[in-house]
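Dear colleague,

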Amino acid sequence: MNKTLVAAAAITLSSLALTSCGDSDASSGTDNGGSGDGAITMGFAQVGAESGWRTANTKSIQDTAKAEGVDLKFTDAQGKQENQIQAIRSYIQQKVDVIAFSPVVETGFDAVLQEAKAANIPVILTDRAVDADPSLYKTFLGSDFVVEGEKAGQWLVDNAADADANGDGTINVVQLEGTTGAAPAIDRAEGFADKIAADDSIEVTASQTGDFTRDGGKQVMESFLQSDDSIDVVFAHNDDMGLGAIEAIEAAGLEPGKDVKIITIDAVKDGMTALSEGKINYIVECNPLLGPQLMDLAQKVLDGEEVPARVLTEESAFTPEQAAEVLADRQY
Ligand code: AHR
């Protein structure tokens, strides 16, 4: 690398590190009392703030770090893999004790994971997996996204008769995919397709990414509705895209939950509210409250204890009646 490039890289890196340290009080090196007294220093590279789920996930990690005296250096990668890799490199330079991240996409992390390993810094994956040599990270904490997609597909198979709005014997499903290349988008589509294959009358007629955002879900649903007036079901890979689809369906003069059935994944408060109102028909839960388990795993890894290669989170699924029952106590 020539000198100009080196200087430019150094400036970008330092500005990214500065941004990350200013993001929240839990991100500051000294604010939560974790630095310099033997407490763990953790670098966490978050995907972004694309959904209600992500906001709850970030809060869980920051709140737990604060409560447990972990010195958390937090970066919001704004949905960009290159930002995440840059943040991880900065954590390696800062010689943090442990690095954790939720990968934006599955592939392309091999080199930076090798660098962390060479620097002897353990890495914990949270929420999403990477497609890389498992010896490059200590453990992966998060949901089974294939199972989530299967639950969504099974519900549709079980409720197929109700979903055929115009009674023509076919159930046309449009799918709002998560971020292209992200583990939850790939796995949820796979699990859903596996289950609906049991019923020949169910067909996915269109599938496009809405990038896990409400706006993305709304825009894609608008274009689906413009080109097809026979949509029976929306399968959205998260609540936010499902909520965006509701707006598009209502704007088209249709009734969400009745004229078009909606299945989503996450079970955040806004999604559960729409479910309890009958605008969404079924939600598969994806638990964002990973902070306590993450800090526990980090402590164990640093204490030299064996940790399982895969730690699954416990999850449920909700009908409108069940949503109404639990809504008041929902934490996120
Ligand atoms: O990786 C988890 C997924 O990412 C959540 O389902 C979605 O809402 C988020 O953006």
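**The ligand and its surroundings**

In this predicted model, a polar side-chain atom of Ser51 lies 3.0 Å from an oxygen atom of the ligand, a polar contact being a pair of N or O atoms within 3.5 Å. Polar side-chain atoms of two further residues also lie by ligand oxygen atoms, that of Asp127 at 2.8 Å and that of Arg188 at 2.9 Å. Taken alone the ligand exposes 290 Å², of which the protein buries 100% (Shrake-Rupley method, 1.4 Å probe).

The residues around the ligand, meaning those with a heavy atom within 4 Å of it, include Glu50, Trp53, Arg54, Phe145, Pro184 and Asp266. Two or more residues of this shell come from each of the helices α2 (52-68) and α7 (183-196) (DSSP runs of H or I, at least four residues).

As for confidence, the chain averages a pLDDT of 90, with 89% of the residues scoring at least 70 (pLDDT is the predictor's confidence in each residue, from 0 to 100). Over residues 1-36, however, the pLDDT is below 50. Where pLDDT is low, the predicted coordinates should not be read in detail.

Residues are numbered from 1 along each chain as its sequence is written, and side-chain values use heavy atoms, leaving out hydrogens and water. Local features need pLDDT of at least 70 and side-chain atom pairs count only at pLDDT 80 or more, whereas totals for chains, interfaces and linings use all residues.

Terms used:
Contact means heavy atoms within 4.5 Å. A polar contact is a pair of N or O atoms within 3.5 Å; within protein, one must be able to donate a hydrogen and the other to accept it, and residues adjacent in sequence count only if both atoms are side-chain atoms.
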